[in-house]
Amino acid sequence: MAFISLQGVSYTYSGRKEPAVRNISLNFGQVEKIAITGLNGSGKSTLAKLILGLLKPQNGEIILDGRPVGKYSLVEVGEKLGYVLQNPSQMMFNTSVYNEIAFGLKWRGKSKNEVHHLCKRYLDLFDLWDLRGELPFNLSEGQKQLVALSAVLALQPRYLILDEPTKSIDTFRKKKLKDILQEIWRQGTGIMVISHDIEFVAGFNGRRIHMAQGEVVEDAGRYKD
Ligand SMILES: Nc1ncnc2c1ncn2[C@@H]1O[C@H](COP(=O)(O)OP(=O)(O)OP(=O)(O)O)[C@@H](O)[C@H]1O
Ligand SMILES: [Mg+2]
């Protein structure tokens, strides 16, 4: 059984005539590596938000791990899917970089020691430990992106959805991110990356799904049950 299944899913934003996502049917396995590509406005982020239950489709159904996504609370979705949205500053509400990583870990009931250990380990991934006392608001776009990535990776989710993860980050850290994603995928994490970054997508080497005007126009390496 697919881990995420979309059946005839369409979504139109209020006040819009054309659907942002139209009649999409896709199945994703739990340990698949997916790259979603497409021009600006082709519906990629809308598709991700539908899968995450942040938007409700007007048509069709989305099943996550055997249950309609609409039946989960957002917290429950967050336990199944780790994600970084396209604009990560919208997701940051803590008073320090450290707390941005620690928050989710504390919520999961980790001890103070474990929280400290994991914060250090995941902030070190992208050389962010020295920024641990900074207010996330004051960081550059690239630094915010890396903090958001560290925070989600620290939670070690079973499945990861990243919307434009390489936006504003340098070549060295892009390579680092690529290596980390390969490693956690090998260890059994499913990954969906939405990206304009052709080089990154090529290196990621997953099943590539190309969208245009809200539709899937190419699916190289379709999931089979
Ligand atoms: N909040 C919104 N209200 C109205 N229309 C929206 C909203 N968000 C997106 N849209 C529209 O929905 C369509 C799909 O947008 P979406 O953000 O899903 O595309 P995308 O493929 O992620 O684009 P990008 O590559 O620029 O991130 C576009 O026409 C966009 O203008
Ligand atoms: Mg987008």
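Q156 is partly exposed, with a relative accessible area of 47%; the class "partly exposed" lies between buried, under 20% relative accessible area, and exposed, over 50%, judged with a 1.4 Å probe and protein chains only. This residue is found in the loop between helix 5 (141–154) and strand 7 (159–163). Helices (H or I, at least four residues) and strands (E, at least two) are DSSP runs, numbered from the N terminus. Although Q156 is not a glycine, its phi is positive, at about 45°.

The structure is a predicted model, in which local features need pLDDT of at least 70 and side-chain atom pairs count only at pLDDT 80 or more, whereas totals for chains, interfaces and linings use all residues. Residues are numbered from 1 along each chain as its sequence is written, chains are lettered from A and ligands numbered from 1 in the order in which they are written, and side-chain values use heavy atoms, with hydrogens and water left out.

E164 also is a residue other than glycine with a positive phi, near 55°. E164 lies in the loop between strand 7 and helix 6 (171–186), and with 7% relative accessibility it counts as buried.

Helix 1 (residues 44–51) is mostly covered, since seven of its eight residues are buried. The buried residues of this helix include K44, T46 and L50. Just after helix 1, G53 takes a positive phi of about 75°.

Ligand 1 is surrounded by 13 residues, and the closest are N40, G41, K44, T46 and Q86; a residue is near a molecule if one of its heavy atoms lies within 4 Å of it. The shell comprises three nonpolar, eight polar and two charged residues. Here Ala, Val, Leu, Ile, Met, Phe, Trp, Tyr, Cys and Pro count as nonpolar, Asp, Glu, Lys and Arg as charged, and the others, Gly among them, as polar.

The table gives polar contacts of the ligand, that is, pairs of N or O atoms within 3.5 Å.

| Side chain | Distance to an oxygen atom of ligand 1 |
|---|---|
| K44 | 2.7 Å |
| Q86 | 2.8 Å |
| H196 | 3.4 Å |

Taken alone, ligand 1 exposes 630 Å², and the protein buries 67% of that; accessible areas come from the Shrake-Rupley method with a 1.4 Å probe.

Methods. Polar contact = N/O pair within 3.5 Å; in protein donor to acceptor, adjacent residues only side chain to side chain.
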